[in-house]
Amino acid sequence: MHLEKNKTLKALAIAATIPFVLTACASGSTDTSSDSDSSSGGSDSSSSDTAQIEVFSWWTGGGEEAGLNALVEVFNSEYPDIEFENGAVAGGAGTNARAVLATRLEANDPPASFQGHAGLELLDYIQAGQIEDLSFLYEEMGWSDVMPQELLDLITVDGGIYSVPVNIHRANVMWGNPEILDEYNLDMPATWDEFFETAEVLQADGIIPLSLGEQWTQLHLFETVLLGELGTDAYNGLWDGSTSWDSAEMTSALETFNRIYDYTNSDAASLAWQDASQLVISGDAAFNIMGDWAEGYFRVDNELVEQEGYTWAPSPGTAGTFQFLSDSFTLPVGAPDRDSTIAWLKVAGSAAGQDAFNVQKGSIPARSDADQSIYPPYLQEAMDDWASNAGAPSLTHGTAASNGWKAEIETSLGLFLGTRDVAALQDGLVAAAAAQ
Amino acid sequence: MIKSMRRHWLSIALISPSLILLGVFVYGFIGLNINISLTDEVGLNNNDANFIGFENYIKLLDDPRFHIDIFNTIVFSLTFIGVTLALGLGLAILIDSKIPAEGFFRSVYLLPMAVSFIVTGVVWRWLMNPATGERTSGLNLLFDVMGLDFLINQWHLTPTWGMLGIAVPAIWQMSGYTMALFLAGLRGIPEEVKEAARMDGATEFGIYRRVIMPMLKPVALSAVVILAHISLKVFDLIIAIAGKQIALDVPAIYMWQTTFDAYNFARGATLATYILISVALFVIPYLIVTNRKEKV
């Protein structure tokens, strides 16, 4: 009898330990949560004597980190009594950071401010009432007069503006290798048809016409192809429902997209975006499409000179349009010290702050009154284009669509990469749009 | 009587902290997760979630991405478990055959176990570089230099069967551990039994087949359960080698993406429940068998 009970207990104990074994293996994926624990410990102590703000971002390396540090320097000189704490979580494009952030927001433990792409990427936070409308700050600081109306329109959600954009990046840029262009006596292709003609020649000589990287860089290519093939107005209409995803124009744009894959490298899925840029630098590939953060990679990391080591043009069919994305900072509801956060946002939106940040990061300021002379040549050109071109939001980088919609599009694209089935891709896109 | 009662209470007291923690953090959260999977909770604003029954479960069965996940998991599991068991057993038999420097070889084979899947993944990402032509590198370059061109392949980027490429590093990492399990089993077989078989005129092969293998069955069962739950939940290895791409998608990656990138908590919870059920299919029969054996 006792023996029997002991056996039962033992069985229970074994059953009880099994899940530990099972969860131990899964723990690799959850270790980001320990980061949030340690950083929240910092913000808890902020309520004591000196004011302290913890700013959450995914800028942990290269020009991004340098830009953030420059911005913090401006902040420290203007608000010496507020201590800045860097709550950055490493991981490209913020995928890890967003998971940590969601957990903290759910637990009502928001950082003083967090980075997010301006636009519909913030929709989830807005709908959950987790970030404040900053319209009052735009009025107080007069930002509506110094930031382009087109930008303000595109980042306004439900009548409010919920973040302060610090920079603008251009998504629709095609990078080229000048030596290959010279050798074959080519210009940067202005349309995709031109590209296909060029591509045949290049491919016959063993040059990769267009280098591609892992899946998100292909989503990036996808959005620039849609913009180039549909035109700016129709492309912008995709996101507010005025353009149908079901149209014949869309089918033909998707067919163009499909055809591009005949002229790309076979190992794309194993390359980061830098590796894909590297193929252009080395002359293995003629062209690559990537946002203009690649300019910093060419000029700073590889010490190349524009027009000698690399050249650029708007991606085919998109001349006159500036497809943009913007990094911005928010004011979370229930921020530990609201006034300090507002001080941070004021610096982030100031001309001094934006110039300090953007020269380092390699992007252009969201404000139109920045000091052009301190920027390198590419960025000066980008500023001129930003001032004169039509605007279009980027999908891959959070401006055009909500996170849920973007994820559905990415899934449809990923399935397409396995099958190359254009009709199924279009069905998936139509279904994704209908669910919004 | 009293003494045994006291011992009884003592054992309950000793395991109760663990039981309570498990009750809350494992079983409690499993319950919470199942609860979410039965709602339509999407987005960070979870006040307006409605109960919708098993709709999420049914919808997923129609999801082409989930079909790829299931296919990939099956390909990976069968390859990984099968090859790891065979390699592990083979190595164990070799090491058990009284070779010189046995300790050295044992450590060498067991060492991959000491690194995490992330480290393994990053290294194998270089080794399994699928680039062609002048940019060939990693194992493909080795094959090229050695004149074994027919072995050059696309590894994990092979269409449809890419998961076989992912299984290679997993096998490399876990076969040493499986060897250790089998070795312990082999060492547990008394020498007299083998002697008796030899006396009866059994060949060495016959001894392995008729005497040793049957006695290793419990070890093999444990090994299968351990390897199976690793393979059903594989996540970090794929992320480190290939990032997030649909061709190499598995339920755990889909769960991560739909939960934290798209904030579709209901679908994420449903995927988590499917993973739990698939692991349970292996673990629960194992527990029942073990428990029954102990009772006898």
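Reader: How many positive and negative side chains does chain B have, and how far apart do the centres of the two sets lie?
Author: Chain B carries 21 positive and 21 negative side chains. This is a predicted model, and in it the centres of those two sets of charges are separated by 11 Å.

Reader: What does the secondary structure of chain B come to, in helices and strands?
Author: Read along the sequence, chain B follows the pattern α-α-α-α-α-α-α-α-α-α-α-α. The C-alpha trace of this chain spans about 80 × 75 × 30 Å along its principal axes. The count for chain B is 12 helices and 0 strands.

Reader: What percentage of the residues of chain B count as buried?
Author: Chain B exposes about 15,700 Å², and carbon and sulfur atoms supply 71% of that area. A residue counts as buried when its relative accessible area is under 20%. Of the 296 residues of chain B, the buried share is 42%.

Reader: Among the contacts in chain B with a separation of 6 or more, what share comes from residues 24 or more positions apart?
Author: The contacts in question are those in chain B between residues with a separation of 6 or more. Within that set, residues 24 or more positions apart account for 70%.

Reader: Which residues does B:Ala252 touch, not counting those up to four places away in sequence?
Author: B:Ala252 is placed in helix α11 of chain B, and its relative accessible area of 8% makes it buried. Its C-alpha atom is separated by 35 Å from that of B:Leu186, which is 66 residues apart from it along the chain. With residues up to four places away in sequence left out, B:Ala252 touches B:Lys233, B:Val234, B:Phe235 and B:Ile275.

Reader: Why does the salt bridge between B:Asp261 and B:Lys244 tie together separate parts of chain B, and how many residues apart are they in sequence?
Author: The side chains of B:Asp261 and B:Lys244 meet in a salt bridge, at 3.5 Å from N to O. B:Asp261 lies in helix α11 (residues 251–261), whereas B:Lys244 lies in the loop between α10 (236–242) and α11, so the pair ties together parts of chain B that are 17 residues apart in sequence.

Reader: Are B:Asp261 and B:Lys244 buried or exposed, or do they fall in between?
Author: The relative accessibility of B:Asp261 is 11%, while the relative accessible area of B:Lys244 is 22%. Under 20% counts as buried and over 50% as exposed, with partly exposed in between. B:Asp261 is therefore buried, and B:Lys244 is partly exposed.

Reader: Which residue of chain B forms a salt bridge with A:Glu408?
Author: The pair crosses between chains, from helix α19 (residues 403–419) of chain A to helix α12 (residues 265–295) of chain B. The closest N and O atoms are 3.0 Å apart, and the partner is B:Arg267.

Reader: How many residues apart are A:Lys361 and A:Glu64?
Author: A:Lys361 forms a salt bridge with A:Glu64, and their closest N and O atoms are 3.7 Å apart. The pair links distant parts of chain A, with A:Lys361 in helix α17 (residues 351–361) and A:Glu64 in helix α3 (residues 62–78). A:Lys361 is buried at 12% relative accessibility, whereas A:Glu64 is partly exposed at 29%.

Reader: Which helix gives the largest share of the nonpolar patch on chain B?
Author: The nonpolar surface patch is formed by B:Val115, B:Ile118, B:Val119, B:Val122, B:Val123, B:Trp126 and B:Trp172, with about 610 Å² of accessible area together. One of its members, B:Trp126, counts as exposed at 57% relative accessibility. The largest share, 5 residues, comes from helix α5 (residues 117–127) of chain B.

Reader: Which helix gives the most to the negative patch on chain A?
Author: A:Asp187, A:Asp193, A:Glu194, A:Glu197 and A:Glu229 gather in a surface patch of negative charge. Among them, A:Glu194 is partly exposed at 34% relative accessibility. With 3 residues, the helix that gives the most is α10 (residues 192–204) of chain A.

How values were computed:
Residues are numbered from 1 along each chain as its sequence is written. Chains are lettered from A and ligands numbered from 1 in the order in which they are written. Side-chain values use heavy atoms; hydrogens and water are left out. A salt bridge is a side-chain nitrogen of Lys or Arg within 4 Å of a carboxyl oxygen of Asp or Glu. Helices (H or I, at least four residues) and strands (E, at least two) are DSSP runs, numbered from the N terminus. Buried means under 20% relative accessible area, exposed over 50%, partly exposed in between (1.4 Å probe, protein chains only). Patches are made of residues with over 30% relative accessible area and no salt bridge: like charges are joined within 9 Å, nonpolar side chains (Val, Leu, Ile, Met, Phe, Trp, Tyr) within 5 Å. Accessible areas come from the Shrake-Rupley method with a 1.4 Å probe; for residues, only the protein chains shown count as cover. Lys and Arg count as positive and Asp and Glu as negative; His and the chain ends are not counted. The place of a charge is taken as NZ of Lys, CZ of Arg, CG of Asp or CD of Glu. Contact means heavy atoms within 4.5 Å.
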